[in-house]
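Thanks for coming. I will go through a few chains and some of the charged contacts, then stop.

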Amino acid sequence: MKKKYSILSLIKNAFSNNENWEKMWESPEPKKGYDVIIVGGGGHGLGTAYYLAKEHGIKNIAVIEKGWLGGGNTGRNTTIIRSNYLWNESAHLYDHSVKLWENLSEELNFNMMFSQRGVMNLAHNEHDIKEMKRRISANRLNGLDTQWVDTKQIKELVPIMNTENLRYPVLGAAFQPRGGVARHDAVAWGYALRSNEMGVDIIQNCEVKDIKTDNHKVQGVNTSKGFIRANKVAVVASGHTSVLAQTAGVRLPLQSRPLQALVSEPIKPVINTVVMSNAVHAYVSQSDKGELVIGAGTDGYNSFTQRGGYDVIEETVRAIVELYPIFGKMKMLRQWGGIVDICPDASPIISKCEVKGLYFNCGWGTGGFKATPGSANVFAHTVAKDEPHKINEAFNLERFSNGRLIDEHGAAAVAH
Amino acid sequence: MPALRNKDCNYISNKEIKITFDGKSYSAYEGDTIASALLRNNIRLIGRSFKYHRPRGIYTCGIEEPNALVQILNEHNEPNTRATVKKAYDGINISSQNRWPSLSFDIGSINNILSPIFSAGFYYKTFMGPKGFWKKIYEPLIRRTAGLGKPPKNFRSKSIHQNHNVDILIVGGGLSGLIAAKKLIDTDNEVLLVEQDSFLGGILKNSNKVKQIDGKNVFEWVKETEKLILKSKNIKILKNTLVTTYNFTNHLIALEDKYSGKKIDVSKSELTLHKIRTTHTILANGHIERFISFRNNDLPGVMLASSFEKYIERYGVTPDEKPVIFTNNSSTVSLVKSLINLDCKPSAYIDARKEEDIEDETKEYLSKNNILFYPESEVEGCEGNKKVEKVYIRNSNNKISSINATMLCPSGGFNPDIHLFTQSKGLVKWDDKIISFKPDTAFQNTITLGSVSGNYEFKNLCNEINKKLSFLKVGDLNLEIETNIRDNLSIKELWETKTNKKSKWSKSFIDLHNDVTTKDLKQAINEGYDRIEHLKRYTTNSMGTDQGKISSINSLGIVSKILNKKIAEVGTTTYRPPYAPLSFAAIAGRSTYEYYDPERKTPIHNWHIKNNAIFEDVGQWKRPWYFKKNETETMHQAVQRESKQTRQSAGILDGSTLGKIEIKGKDALEFMNLMYTNAFTKMKPMTSRYALMLGEDGMIMDDGIICKINDKHFLATTTSGGAPKVFAHMEEFLQTEWPHLQVYLNSITEQFTTFNISGPKAREIVSKVFSDIDFSNEKFPFMTFKTFNYKNTQARIMRASFTGELGYEIYISPQHALELWELIFKYGKDFDLVPYGTETMHLLRAEKGYVVIGQETDGTVTPIDINFNWMIGKKKKDFIGKRSLTRSDTAREDRKRLVGIVPLDKSQFIEEGQHIVECENLPSKIKTPIEYLGHISSSYHSPNLNHCISMAMIKSGNKLIGKKLFVSTPKGTKNIPVEIVSPVFIDPENKRLTS
Amino acid sequence: MTTLISTDRVNIIQKNFQQILIRGDGKDQFNQIINKETFLQPPSKNLEIKTSDKYIFAKNSFDQWTLVYLVEQDYKEIIRTISNLNSNDEILASDYSYGQVYFEVSGENKDEFLNKLTQFDLRNKKFPDLSMAQTLIARIDCYIYKLNNKYIITCNKSYEDYFKERLTDLINL
Amino acid sequence: MILINCPYCGEREQSEFTNGGEAHVIRPKDPDSLNDKDWGQYVFYRSNPKGIFYERWVHSHGCRKWFNAVRDTSTDTILKIYKLTDNKPDISEFQSSLKSPSGEPAVGSGNFAVKK
């Protein structure tokens with residue numbers, strides 16, 4: 001690791017007026033060919049390049065990004081991290097990710113600001129309570145730390161929450177202390193920094209037009225900067241994955257929908273844990289800069305405009321103002337949307353396909369950010385070994401034929 | 001002492017008001033903003049900057065303000081309020097923000113001393129210290145210094161929404177907006193004119209740039225035009241209303257402050273959110289002056305030139321008698337004229353343009369009033385202790401001199417306010433004449449007029465408007481506009497001035513709100529963040545509450561210089577709605593708190609309340625959960641009582657919330673066979689049957705009872721939660737897949753109130769109530785129904801029950817519901833009839849092994865999994881979901897199956913949601929995952945069997961009957977030994993049902 | 001009939017009417033049967049209303065009509081009409097008499113007041129006289145009939161209290 | 001919010017409608033004749049184009065009638081509304097403003113504000 005960052009490096013550079021910090025990553029022109037091309041320069045894509053280089057010794061890699069690094073969903077989510085999913089396969093995958101999060105800052109020597117302040121899923125009716133009690137018990141048997149908290153404990157954790165005097169009172173919550181939030185840009189930049197150091201080419205503003213195949217074997221990609229040859233192509237382009245898959249004749253069961261989020265203006269600390277409420281579609285945490293980061297539900301129709309309908313913002317703010325009345329006196333600073341690729345069973349696809357050398361990591365829907373390191377790690381294994389890792393074995397394409405779905409709709413009414 | 005004021009300002013009344021700022025009281029005038037009130041009392045220091053806690057003053061006179069954010073203590077501690085917009089009123093109590101202990105002495109300014117270390121993105125490069133330091137030390141410290149205002153206090157809003165549907169929306173009541181409105185008077189277009197200030201006029205009232213219109217002074221012209229508009233039949237005006245969001249298909253959001261300049265009456269709605277649907281949108285929202293980066297350009301006392309002029313013209317207050325003016329364009333001469341009119345004089349006029357480019361009339365005016373004039377010069381920087389004291393000027397031959405001054409007014413040129421235009425998804429283009437972006441191709445019906453479209457020339461304003469509005473065919477309007485300044489703007493590109501001061505602590509700011517210096521931009525580009533979106537995120541440039549209104553174009557200029565690219569190539573970051581921070585209370589409107597979601601009540605809801613029912617939310621319905629016999633009875637006791645009494649004598653449940661659908665038509669039978677798993681063909685008329693509905697994936701979606709009146713007329717019930725979904729599901733398949741089927745559907749959920757009475761004595765009670773119906777087993781067998789006339793209304797009784805007892809479901813018109821319910825109780829008293837709620841219903845059906853959709857089924861359960869194989873019409877060619885049942889995984893042998901579970905030690909209780917395992921104990925700290933066979937879906941203490949009964953879904957459960965296993969407990973490590981049994985605990989032969 | 005709101009610019013009166021919901025294909029045979037049973041000719045254009053002081057007969061959508069009796073009928077007659085209609089296979093008639101609530105909204109400011117609860121365009125050019133619409137008012141599915149300068153709004157009875165609270169709460173905000 | 005012109009009720013706001021996903025997906029006449037893979041394609045796979053998309057809408061808070069629409073998913077503009085009984089308009093009738101399969105449209109995506 002050449003570039004070392006610490007308080008010492010900050011002091012050293014202060015003396016030279018911060019003028020000779022080194023470039024974190026180069027933006028070269030693409031070479032003629034690579035062993036592996038990763039399409040999509042978000043957290044998952046850059047992470048895959050990092051683990052391919054670090055754990056599988058494959059360095060002749062190009063990460064090709066249509067826009068700018070981390071410009072897709074990596075830069076548009078509500079940064080929530082948790083692993084309290086219902087089914088074993090999901091719990092193992094997401095917890096593999098949380099474990100990697102826990103020392104990602106050290107590993108990349110780039111501060112992810114991973115703050116394990118706990119994530120709370122509120123129960124607003126008897127059905128919610130039953131569903132959460134089941135998930136807590138399943139999580140416990142899978143070694144996760146989810147526990148039931150009653151209204152009194154909730155009020156201690158979040159004093160500003162209005163638990164009784166609202167249309168659907170808060171009856172309790174499932175709380176995972178190891179859950180939390182992290183700085184979303186830092187993931188993309190940290191992985192870019194370190195994979196570039198290991199020789200990975202990071203190519204921005206280079207859009208993949210289509211994937212070239214020849215009798216069921218991948219040849220390379222046609223891009224806005226010409227054709228680039230590759231033995232293996234790994235597509236991890238979230239909302240655009242099915243558009244690119246189509247060019248290789250592969251059909252994916254994805255629907256791309258806008259998912260919106262918003263931030264408030266910055267204020268002093270007022271809420272120190274992450275609170276999610278599936279029943280009323282409102283998710284809130286407060287960033288270290290003081291802004292409330294609030295997540296909404298998905299829009300009801302397919303769209304690639306990265307901007308959803310205003311009615312969805314209204315739905316979310318109605319719920320937030322009811323749950324936290326004092327937020328009524330605050331103001332929304334910015335609203336935006338990403339494009340999330342949703343699977344019929346609200347679980348991802350990390351899988352090979354019928355075209356040799358072509359791999360897909362997509363379908364994360366509304367819950368992709370939390371899985372960034374875990375997904376990248378097992379996807380690197382799948383690409384390197386041409387065999388899925390044990391953890392992502394179940395997340396294959398065949399499940400939509402044999403019916404072995406991993407239905408996380410319960411958890412993912414909108415999983416954030 | 002009375003506050004300073006200019007003589008003839010038409011927009012400020014001379015009624016004095018008292019305001020309090022940081023504990024001290026000041027006097028001001030009605031119509032003042034907080035900023036103009038403070039400037040009247042010569043207050044320059046108003047806040048501390050976000051990151052370095054540097055002293056900050058009032059920088060502008062409007063929505064673009066980056067510094068003057070204050071807290072309104074008497075309005076629930078509202079944080080981050082723009083002092084330059086919020087109107088003051090008598091008794092307003094304001095406090096500054098982000099400083100401790102006080103504004104003048106702030107501990108936070110230690111950040112300024114450490115600022116060389118706090119370079120761009122420093123927090124990514126440190127705070128990674130030893131394990132746990134981030135959670136315990138670094139993060140809490142950062143969070144405490146972050147944020148600006150303190151959180152609000154106990155607040156409940158009453159803001160409301162107001163929807164509008166208009167033909168033309170005019171955004172901005174300035175000169176261009178008024179001309180457009182005047183053209184549209186009494187045409188057949190419904191027009192809405194929206195203005196953010198409390199007065200119309202825009203530049204006419206905010207500056208000295210326009211002298212006369214058609215010979216009248218500007219104030220008179222605006223008053224006259226306003227009167228004409230108000231008299232018109234087709235134009236409405238909204239003042240104090242700021243348009244914040246431009247959505248798709250011309251749908252705009254505007255926020256009206258109803259209490260602008262008044263004390264808020266808490267019983268009324270203080271904010272109204274206007275939601276405007278329009279055919280055409282005319283953006284006439286003007287321009288915003290941008291600043292210039294120079295050394296210490298953030299010192300209190302630096303204020304933009306046109307803002308200074310606006311305080312003079314609009315608010316009648318002169319912030320300073322002899323400011324230094326520093327400009328790169330021809331517009332600032334009107335400020336000089338305003339000062340001269342007040343017998344004040346700028347202490348220096350610094351113009352960056354070459355001498356020959358500066359207009360002669362400006363040079364003559366300056367020399368006539370012998371004002372110190374520095375052509376082809378620029379301000380190198382300024383210095384002072386918490387306010388401007390010295391200004392350093394670099395003249396045309398590069399020599400630096402300094403003069404004393406207390407205020408410095410820069411003007412870096414004007415940006416068309418394209419925020420709303422880009423929100424409408426239109427494209428903008430760089431214009432080298434005005435050195436800024438201006439609107440180019442609109443994506444929706446958007447027309448931009450005046451300075452927002454990059455046209456700063458008053459002379460051809462009218463023909464621009466006539467041309468652009470010609471498609472409305474409303475005739476031309478021409479005005480004689482006389483100005484105080486040269487008509488077309490001449491400007492020299494200037495983003496940042498040179499400084500040779502190499503000190504680490506001298507800062508030239510590019511974003512005042514988030515403390516981003518021009519050095520940070522250069523450093524970010526060195527580190528590889530050269531894409532404009534990366535730059536914004538790495539340095540947080542223009543991400544503050546002002547969204548960089550006065551500085552974001554400057555940052556593009558500086559970046560394009562560093563990368564030596566054209567600014568159009570650098571591009572802009574995405575303008576994200578809202579235009580200015582938008583109140584959450586206004587967005588929520590009145591549909592929050594108790595009105596968050598509609599509440600549905602059954603026709604006999606009041607009876608339940610009178611009989612101390614405790615309610616449960618089921619979808620939007622309020623359903624009785626259980627009935628408290630007396631004050632002290634707990635839920636458990638009530639449910640045990642209700643369950644026992646129903647099995648021993650009789651119980652009655654209000655089932656009105658269940659969905660009811662009427663299906664009629666020639667092909668009704670074929671339709672029902674396709675929609676449900678059951679075969680209805682051989683079903684006899686006037687009988688009923690329990691049925692399952694699957695999704696196409698073969699998983700159970702809903703259940704209900706189907707009554708067949710005849711092959712062409714069915715009545716179906718659904719679960720309460722599933723009612724809308726099932727009705728929509730039926731309509732979808734009928735219209736999109738099988739339009740050839742002649743079938744009609746009507747939802748009749750609300751047309752019948754439903755009472756479910758069951759128990760051994762049920763027959764006696766109903767025979768008394770409906771004396772003319774024969775309830776004998778022969779005449780009224782199980783799963784049949786009768787329709788009859790009850791007091792001239794259609795009524796129906798079906799013999800079925802969800803409790804496993806002898807039971808009847810009575811469907812009665814809502815008109816006679818209460819009367820019948822009370823009649824049943826009159827007769828029921830001698831048979832010990834008890835009203836019961838949903839909890840008892842869940843317990844009784846569990847005793848019978850009946851499933852509940854959403855509890856035993858979770859979207860991954862097929863009919864076979866819950867032993868309903870017999871309900872699948874094998875001979876049926878097709879029904880929704882049939883094919884999915886034979887997929888390899890769905891037909892797999894070891895799928896989870898429904899079983900019953902009883903604890904070996906009858907006194908133990910099994911919790912719902914727990915899991916069935918094979919090991920006796922669980923390790924206290926589970927590291928490696930533990931295999932489980934399935935989960936407990938339902939668990940109750942049965943008063944009728946005197947032990948806990950549970951239902952569970954376990955892998956190959958049907959093969960494990962009789963096996964001994966264990967069930968986990970929520971907290972403990974000792975599992976409960978249990979036995980797997982059949983899920984039907986009471987009356988497996990259904991004798992009670994069919995006797 | 002109870003008066004809910006009565007100000008100089010908005011009046012809302014709660015009423016109670018009998019109503020029949022009819023489904024059918026709208027062809028000649030359907031019109032003849034309807035005419036025979038109700039002595040009225042069903043409107044044929046979508047969203048069109050035929051009315052007199054005794055009834056409102058509206059075509060709500062492609063296969064649905066509502067007949068609202070403004071003057072109380074003998075309820076036995078209504079039940080008889082419904083069963084006669086239902087005797088034809090290609091018609092479904094349901095008694096909607098007591099499952100609905102009805103509000104008559106009049107007054108100069110009625111449009112602006114209703115537009116605080118719905119985004120529906122009430123202007124004449126988009127919502128002409130003697131026409132009807134199904135839309136959302138205060139987040140509830142409603143039918144709204146436009147008679148000369150007044151509306152009749154109906155929704156399901158279970159929403160009655162919530163709907164009335166929303167109307168009365170709004171009048172003094 | 002998008003304005004949708006319901007063929008039966010006229011122009012209404014999109015919040016009154018519910019989207020029904022891809023249009024012209026016919027339910028197999030004889031499901032038992034399909035193998036698991038083909039049946040999986042019908043149940044779970046729908047096309048997800050960036051550009052011209054044939055989709056279904058239902059006026060769920062209005063006349064409750066289903067109808068079809070052609071929409072450009074890269075700009076959310078509705079190009080055509082047609083009844084279920086009308087036949088499918090040919091794709092050549094519409095031209096999407098996309099520059100390349102996954103690129104951004106010249107006007108309307110809201111993310112590329114500057115005219116290239």
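In chain C, take the contacts between residues at least 6 apart in sequence: 57% of them join residues at least 24 apart. Keep in mind that this is a predicted model.

Staying with chain C, it has four helices and eleven strands. Its radius of gyration is 16 Å, close to the 16 Å that the globule rule gives for 173 residues, so chain C is as compact as a globular protein of that length. Along the principal axes, its C-alpha atoms fill a box of roughly 50 × 35 × 25 Å. Of the 173 residues, 62% count as buried. On charge, chain C carries 22 positive and 24 negative side chains, with the centres of the two sets 4 Å apart.

Next, chain D. This one has one helix and six strands. In what pattern do they follow along the sequence of chain D? The pattern reads β-β-β-α-β-β-β. The C-alpha trace of chain D spans about 55 × 35 × 25 Å along its principal axes. Of its 116 residues, 58% count as buried. For contacts in chain D with a separation of 6 or more, residues 24 or more positions apart account for 49%. The accessible surface of chain D is about 4,600 Å², and 51% of it belongs to carbon and sulfur atoms. There are 16 positive and 15 negative charges in chain D, and their mean positions are 3 Å apart.

Now the salt bridges. Over all chains the structure holds 108 of them.

D:Asp32 forms a salt bridge with B:Lys882, and the closest N and O atoms are 3.0 Å apart. This pair crosses between chains: D:Asp32 sits in the loop between strand E3 (18-22) and helix H1 (36-44) of chain D, and B:Lys882 in the loop between helix H24 (838-847) and strand E45 (896-903) of chain B. Buried or partly exposed: which is D:Asp32? D:Asp32 counts as partly exposed, because its relative accessibility is 43%. B:Lys882, at 16% relative accessibility, counts as buried.

The next pair lies within chain C. C:Lys150 and C:Glu104 form a salt bridge, with 3.3 Å between the closest N and O atoms. The two residues come from distant parts of the chain, 46 residues apart: C:Lys150 is in strand E11 (residues 150-156), and C:Glu104 is in strand E8 (residues 100-106). C:Lys150 is partly exposed at 24% relative accessibility, whereas C:Glu104 is buried, with a relative accessible area of 10%.

As for the network, salt bridges that share partners join A:Arg404, B:Asp865, B:Asp889, B:Arg892, B:Asp894 and B:Arg895.

The last pair is in chain B. The side chains of B:Lys387 and B:Glu389 meet in a salt bridge at 3.4 Å, N to O. B:Lys387 is partly exposed, with a relative accessible area of 38%, and B:Glu389 also counts as partly exposed, at 37%.

One more item from chain B, helix H5 (residues 175-183). Eight of its nine residues are buried, so the helix is largely enclosed by the rest of the structure. Among the buried residues of H5 are B:Leu175, B:Leu178, B:Ile179 and B:Lys183.

That is what I have for today.

How values were computed
Residues are numbered from 1 along each chain as its sequence is written. Chains are lettered from A and ligands numbered from 1 in the order in which they are written. This is a predicted model: local features need pLDDT of at least 70, side-chain atom pairs count only at pLDDT 80 or more; totals for chains, interfaces and linings use all residues. Side-chain values use heavy atoms; hydrogens and water are left out. A salt bridge is a side-chain nitrogen of Lys or Arg within 4 Å of a carboxyl oxygen of Asp or Glu. Buried means under 20% relative accessible area, exposed over 50%, partly exposed in between (1.4 Å probe, protein chains only). The radius of gyration is taken over C-alpha atoms; the globule rule is 2.2 Å times the number of residues to the power 0.38. Contact means heavy atoms within 4.5 Å. Lys and Arg count as positive and Asp and Glu as negative; His and the chain ends are not counted. The place of a charge is taken as NZ of Lys, CZ of Arg, CG of Asp or CD of Glu. Accessible areas come from the Shrake-Rupley method with a 1.4 Å probe; for residues, only the protein chains shown count as cover.
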